[in-house]
There are 2 protein chains.
Amino acid sequence: MPSYQAPLRDLRFVMNEMLGYPAHYARLPGGDEASPETVDAILEEGARFAREVLLPLNRSGDEEGCRLEGGEVKAPKGFREAYQQYVEGGWPSLAADPAQGGQGLPHSLAMVLSEMICATNLAWGMYPGLSHGAADALRHHGTEEQKATYLTKLVEGVWTGSMCLTEPHCGTDLGLIKTRAVPADDGGYDISGTKIFISAGDHDLAENIVHLVLAKLPDAPEGSKGISLFVVPKYLPDADGGPGEHNGVACGSLEHKMGIHGNATCVMNFDAARGYLVGAPNKGLACMFTMMNAARLGVGIQGLGLTEASFQNSLAYARDRLQMRALSGPQSPEKPADPIIVHPDVRRMLLTQKAFAEGGRMLVLYTAQILDVVEHGEANAERERAETLLGLLTPIVKAFLTEVGFEATNEGVQVFGGHGFIREWGMEQLVRDARITRLYEGTTGIQALDLLGRKVLMSQGETLKLFTKEIHQFCKAEADNPALKVFVEPLAKLNAEWGELTLGVGMKAMQDREEVGAASVDYLMYSGYVTLAYLFARAVKQASQSLEGDETAFYQAKIDTARFYFQRLLPRTRAHAAMVQAGAGSLMAISSEDFGCGFEL
Amino acid sequence: MPSYQAPLRDLRFVMNEMLGYPAHYARLPGGDEASPETVDAILEEGARFAREVLLPLNRSGDEEGCRLEGGEVKAPKGFREAYQQYVEGGWPSLAADPAQGGQGLPHSLAMVLSEMICATNLAWGMYPGLSHGAADALRHHGTEEQKATYLTKLVEGVWTGSMCLTEPHCGTDLGLIKTRAVPADDGGYDISGTKIFISAGDHDLAENIVHLVLAKLPDAPEGSKGISLFVVPKYLPDADGGPGEHNGVACGSLEHKMGIHGNATCVMNFDAARGYLVGAPNKGLACMFTMMNAARLGVGIQGLGLTEASFQNSLAYARDRLQMRALSGPQSPEKPADPIIVHPDVRRMLLTQKAFAEGGRMLVLYTAQILDVVEHGEANAERERAETLLGLLTPIVKAFLTEVGFEATNEGVQVFGGHGFIREWGMEQLVRDARITRLYEGTTGIQALDLLGRKVLMSQGETLKLFTKEIHQFCKAEADNPALKVFVEPLAKLNAEWGELTLGVGMKAMQDREEVGAASVDYLMYSGYVTLAYLFARAVKQASQSLEGDETAFYQAKIDTARFYFQRLLPRTRAHAAMVQAGAGSLMAISSEDFGCGFEL
């Protein structure tokens, strides 16, 4: 069975040494609660919960899957008990507002724990994970009554949430939804329609489920400007606020999927279900983005968690598996063959995983710090800057970390050779589970359009400049640092090129809007590689100052990993830059009909 | 359910127009049997068999899997009947030697049919597929008696074959095998040991199974120089040559795998099973490579087949699925949204699949022609050249086509969005099935070492020169062809760079053998991209001569696909070249112990 140890040493490096989390927390309102000692204790306890409670349920959950019995969904064995422990441990309320019973710790801390959960049991993690988006929507857009009724329960964790957006004929294009909301006499609404792909739409982990549902009012304008958001509980609250009468919403069937078998992906049927409007009528799309942005960061963290899980297990296998001698001569002559970690190509795969895990962790923690400022920053200007940066980084976190997460989990299978394809080793499950992360909460293509179209080009590049300026200043400040020379020089070049590529696409897009879509995914991947390069350079700066101490091996490995990243992963920007510049021409040339002329006779 | 139409038009283009197959076949001994009309008829009949018989069993075989009952393996429902039709249709004997009852048609033709089989039902295709390797081993190394006893049955298809190489502790490193062969009094051997990952090791499709088994003689030298090959039938032939007494070999258990559920992957237990030596004692490794080389080409074709299958189905979905408007304005204003094929990023994914399918097909057919010459070429010099080229191309076909096949099937899932993750659409099965192709018959890493180490560097680059010279001559001949300018110029540059990269690695490898392993996979991918670029340039040459005729759309689409390939896929060589040059340093820096210092406390 796969093993897992939370990367606590690496987390401490990134948080405490590199990104100055202790000072960051000290500046946040209520941040004195998040002392280094408290943070340490929380991380260690979270690590224990992930390893001891969640990890043992990962394979069995995958094998067993969910069942729909008598209209109710049963999660795999042990999932419910694990969730009870999670609630009893107070984990759901960690970063929630004390006004709703939360512990008021910074959101970034919850994101670190999320990495551990995703690394050990993604399918389980999505049950509490979906609650965050629902809670965010209610916190930002709900009435005081809705907060009192639903949000406190979500914060406590006794109820969970779901996000009901997709319908059979539309996922990306939510303007097409058909679910209807008819006003009732008492101020509520009757919701009717069918939603699909509803993660954690029904299950037996919690006593009630709070669905956040997109629907259309009778007089709604066409398209995405006519969408409203509703809260629709599975059980209507009774007089005491507990779960009362069963609402008109039920799981119609469960999807059979490639992975995340332990999570219930439901078709949800709403049959005049009682719902209540969240936010203003026809303004549901904005509310939805509140949920969605949190969810997108969460999915990026899933990519990171799976990368780390795959890395740790392929490392263990590569140290253990004896096969062939090193090309340069036997390394373990006393054994029948050398452990495969001696082979450079196996090391290339392991280092790819390691660099994406450590780079992804830096990206998540860098972004998490910005999110803390958005939520709690004191000065308006600081908050505004943070909000802009967060908007820029969110699609990168989501899409880049899931794309490379899929690659990393596949490298894990590859390190295992044929054994990687066998279910009992658990490596192929990580691939199957990772596959969804490139799709849900907006595919990589959608993230790329969000990044290049909405965030970068619609701001005339200003949003990007905020970030490239930070990188530029770092490069300038470290220009004479000999420890950083081989990092800062290529980084500065790439950073300048990033701006040029943006300008180039922007100019072309003025002639032809399709140029945006033609460049977008390569632009996003390019952005991700440069962003990680910046963070690795900062890590080297930090590590190179600590080489003389007790932990030389740790810091030297960090620098070596950065060197690997710069030499063996960052050159991929050469391909992406060329493709960004290639333009839309070769994509648009063939007509839909002629696409199939090799086989359609 | 997924659909499939064999790409007959494209096959005719590559075979008849571009690669001159009619003249090629006419030159082969007995090649007059393979007239264009006969070839056409065979391809059409093969296409029908694949679509009508195999395709409908692909999903059900995946869902049902294989069962081990009372020591015998049952393949999924319908597999046995499909195999009977296959045998009745005379397919197994198509390219076999008439001396053993074969039809004596060129091997290349069987490879074309193999693409169709892999595209429609890979798991099924592996039952007859494994027979080829076993037959090859017997044909090249078996005694006349062995040929009469086993080979004729394999050719006829009433018996199938298996390759029993891997053991629990060794796959790549076969020198470590523990299976023993003890000589008996009558010239036979008693084989004892355990083999794992034996594809089609047991099943109910045919009346007998001919296992080709690697084992060690009692006095065998250590390591790979002490391996011998044995033929071990499931049932010992009786006096009439039919299946008689059950031999001491049985399936101990079935592996649970990520994909190819319909194929039985067996643990095979040999308990003093009667076997017969094939080839000379202790020369089993050479015999094994005979099987292996055929099998490696076969696996490359699997990558191609899955690419085509995924392409066809995502194209159909992209034309059908309505979602969002084109960025440049509505394309189907009468519909609620535009079909997603209008979006440039969807087209990028479809074109990636299309280019890899068409490029892969050219590579397979180019290689297949060379294989025909190896097998039937008249002049010694011609055969020798062909053999050298085949050695160079085999690891590229195997590894490159499976790596890009995995990418292409994943793009297929991506085009489907969330629906791609749902089993009923069949797109995720193609990914799971494709995943094994990067692993079995030697992982991508092993193919890369074979290419760079054994084939290219051990010949001091001579083997490579044979091929780059051909490309060079093509570029020179077409230098003034205006239709080819944008293709020939970059191709010539890359072709020259290929030699320089080789020289660079070769020089470094003289100092440090690990440099070979450090460069190998990127070198292989680089080689694959350049090889496809050469073939696309030749395709453009051919297509540009036919633009004026009745099928302008077909030829224009071919040229446009080539342009896409050059602009949007070939730039990946920039990354691979940089990584080939990066050297072993950053790979070898971190010690095995320090690899885990971020999480091991």
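Author: Helices are taken here as DSSP runs of H or I with at least four residues, and strands as runs of E with at least two, both numbered from the N terminus. The model is a predicted one. By that definition chain A has 19 helices and 11 strands. Its radius of gyration is 24 Å, close to the 25 Å that the globule rule gives for 601 residues, so chain A is as compact as a globular protein of that length. Along the principal axes, the C-alpha atoms of chain A fill a box of roughly 80 × 65 × 60 Å.

Of its 601 residues, 65% count as buried. Among the contacts in chain A with a separation of 6 or more, 74% join residues 24 or more positions apart. Chain A exposes about 20600 Å², and carbon and sulfur atoms supply 52% of that area.

UniProt, in an unreviewed entry, places "domain: Acyl-CoA dehydrogenase/oxidase N-terminal" at residues 39-157 of chain A. That span is 67% helix and 5% strand, and its end C-alpha atoms lie 21 Å apart. For residues 282-450 of chain A, the UniProt annotation, again from an unreviewed entry, reads "domain: Acyl-CoA dehydrogenase/oxidase C-terminal". Here the chain is 73% helix and 0% strand, with 22 Å between the end C-alpha atoms. Residues 467-590 of chain A are listed by UniProt, likewise in an unreviewed entry, as "domain: Acetyl-CoA dehydrogenase-like C-terminal". Over residues 467-590 the chain is 82% helix and 0% strand, and the end C-alpha atoms are 38 Å apart.

V415(A) lies in helix 11, which covers residues 380-415 of chain A. With a relative accessibility of 5%, V415(A) counts as buried. Beyond residues up to four places away in sequence, V415(A) touches S314(A), Y317(A), A318(A), I340(A), V346(A), M349(A) and L350(A). The C-alpha atoms of V415(A) and N313(A) are separated by 9.6 Å, although these residues are 102 residues apart along the chain.

T468(A) is found in helix 14, residues 462-477 of chain A. T468(A) is also buried, at 11% relative accessible area. Once its neighbours within four places in sequence are set aside, T468(A) is in contact with N495(A) and W498(A).

Most residues other than glycine have a negative phi. F197(A), which is not a glycine, has a positive phi of about 60°. F197(A) belongs to strand 5, residues 189-199 of chain A. The limit for a buried residue is under 20% relative accessible area. F197(A) has 19% relative accessibility, so it counts as buried.

The partner may now be considered. Chain B can be laid on chain A by a turn of 180° and a shift of 0.0 Å along the axis, with an RMSD of 0.0 Å. The two copies are thus related as by a two-fold rotation axis. The contact takes 108 residues from chain A and 110 residues from chain B. Between them, the two chains bury about 9300 Å², 62% of it on carbon and sulfur atoms. F421(B), F595(B) and F599(B) supply 10% of the area that chain B buries against chain A, more than any other three residues. Of the interface residues of chain B, 98% are also interface residues in chain A, so the copies meet through the same surface.

Two residues of chain B complete the account. I260(B) is placed in the loop between strand 10 (249-254) and strand 11 (265-278) of chain B. Phi of I260(B) is near 35°, a positive value in a residue other than glycine, and I260(B) is buried, with a relative accessible area of 2%. K508(B), in helix 15 (residues 485-511) of chain B, is partly exposed at 29% relative accessible area. Apart from its neighbours within four places in sequence, K508(B) is in contact with E515(B), V580(B), Q581(B), A582(B) and G583(B). A distance of 9.5 Å separates the C-alpha atoms of K508(B) and A584(B), which are 76 residues apart along the chain.

Definitions and conventions. Residues numbered from 1 in each chain as written. Chains lettered and ligands numbered in written order. Predicted model: local features only at pLDDT ≥ 70, side-chain atom pairs only at ≥ 80, totals over all residues. Heavy atoms only, no water. UniProt positions renumbered as here; feature names shortened; annotations may be inferred. Least-squares fit on C-alpha atoms with pLDDT ≥ 70 in both. Contact = heavy atoms within 4.5 Å. Rg over C-alpha atoms; globule rule 2.2 N^0.38 Å. Buried < 20%, exposed > 50% of the residue type's maximum accessible area, 1.4 Å probe, protein only. Areas by Shrake-Rupley, 256 points an atom, 1.4 Å probe, with all protein chains shown as cover. Buried area = accessible area lost by both parts, 1.4 Å probe.
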